[in-house]
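Here are my notes on this model, as numbered points. Please read them beside the coordinates.

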Amino acid sequence: MSALLQVEDLVVEVQARRGTSTPVDGISFEINRGETLGLVGESGSGKSLTAMSIIKLLPTRAVQMTGGRIVLDGVDMASYSNRQMRDIRGLRIGTIFQEPMTALNPSFTIGFQIAEPLRRHLKLGRKAARARVIELLEMVGIPRPQEIASSYPHHLSGGMRQRAMIAMAMSCEPDLLIADEPTTALDVTTQAQILDLILDLQEQHGTAVLLVTHDLGVVAQACQNVTVMRRGLIVEQASVFDIFERPAHPYTEALLDSMPARNAGKARLPHIAEGVFEA
Ligand SMILES: Nc1ncnc2c1ncn2[C@@H]1O[C@H](COP(=O)(O)OP(=O)(O)OP(=O)(O)O)[C@@H](O)[C@H]1O
């Protein structure tokens, strides 16, 4: 059976007055159904642009996918219109980002926003959507779901907002969840709870997850396989076990060494010195 998602030779270019740069320079990886793949690397290595390319939501017009293919369930997504892509996002691919405040609209209640994909993609009526919203809020461990559904995002703590984002991302039971630094903005205790929640939901629903992170502690806890990026290129792809036991590339080893005791799970990567690992 072919992979759920195939990213083949992806190239992303940025046009600027000073010229063109290539922050993603021909990368390939696959994710199978139900698998969690960690996409790791230091800041600026191209992880987020890779994630955004998959859902065709690059940040500005200067940033373009100029090469490669993204194949979802055997279909090259280049063939999808903007309208079809709007259905893919939400229905087939859910997304969670680092800062839920950027994804949640401050002017609408949490309940209204979680209901939106249910009404749009699943065509649920007002009452059915409301009932499902409450179920979803319960599923992600939000206490007093009725009350929270009527609240606005700024009334919630960071952890609760992230739970609401997860409820929204999982609302239509997508095949693939893209989680870009889903725990980075949270305190350590909440980080662990949110990661556990994502893993529980994944197990219950068989969702594949692309977990973008700079945190190898998160990778060790959550992922089966890892793709390590550096400056727009893949430097290593392996199982989590092999990455931790037998890192093949010196850059991966340096990432591992930057984790205190290799298991702290909370360490942010220091910026690794330029040029040290040139092949
Ligand atoms: N909106 C943008 N406009 C121009 N260049 C961009 C834009 N977004 C990203 N880039 C370029 O692409 C590079 C890779 O960015 P990307 O956000 O994918 O890195 P990342 O690995 O996700 O890092 P971080 O963890 O800091 O988000 C950046 O260093 C920057 O040069």
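1. Which residue in β8 is the bridge partner of Leu177? The partner is Val209. Strand β7 covers residues 176-180 and strand β8 covers residues 208-213. The two pair in the parallel sense, over five bridges. Pairing here requires that DSSP finds at least two bridges between two strands. Helices (H or I, at least four residues) and strands (E, at least two) are DSSP runs, numbered from the N terminus.

2. A word on the basis. This is a predicted model, in which local features need pLDDT of at least 70, side-chain atom pairs count only at pLDDT 80 or more, and totals for chains, interfaces and linings use all residues. Residues are numbered from 1 along each chain as its sequence is written.

3. The sheet is open and has six strands, in the order β6-β7-β8-β3-β9-β10. Its pairing is mixed. β6 (93-96) and β10 (233-239) are the edge strands, each pairing on one side only. On average, neighbouring strands of this sheet are turned by 15 degrees against each other, direction ignored.

4. Helices α7 (residues 158-170) and α8 (residues 188-205) pack at an angle of about 15 degrees, with axes 10 Å apart. Axes are lines fitted to C-alpha atoms, for helices over the stretch in contact; angles run from 0 to 180 degrees between N-to-C directions. α7 and α8 are therefore roughly parallel to each other (angles under 35 degrees count as such). Their crossing is right-handed, that is, the near helix is turned clockwise from the far one by less than a right angle.

5. On the α7 side, the contact includes Gly158, Gly159 and Ile166; on the α8 side, Leu197, Leu201 and His205 are among the residues. Contact means C-beta atoms, placed from the backbone, within 7 Å. By class, this contact has six nonpolar, six polar and one charged residues. Ala, Val, Leu, Ile, Met, Phe, Trp, Tyr, Cys and Pro count as nonpolar, Asp, Glu, Lys and Arg as charged, and the others, Gly among them, as polar.

6. α4 (residues 110-121) and α5 (residues 126-139) pack at about 115 degrees, with their axes 9 Å apart. This crossing is right-handed. Gly111, Ile114, Ala115, Leu118 and Arg119 of α4 meet Ala129, Arg130, Arg132, Val133 and Leu136 of α5. The contact divides into six nonpolar, one polar and three charged residues.

7. The ligand is surrounded by 15 residues (C-beta atom, placed from the backbone, within 6 Å of it). The closest are Pro23, Ser43, Gly44, Ser48 and Leu49. Helix α1 (residues 47-54) gives the most to this shell, with three residues. The shell has six nonpolar, eight polar and one charged residues.

Technical notes. Angles under 35 degrees count as roughly parallel, over 145 as roughly antiparallel, 65 to 115 as roughly perpendicular and the rest as oblique. Two residues are in contact if their C-beta atoms, placed from the backbone, lie within 7 Å.
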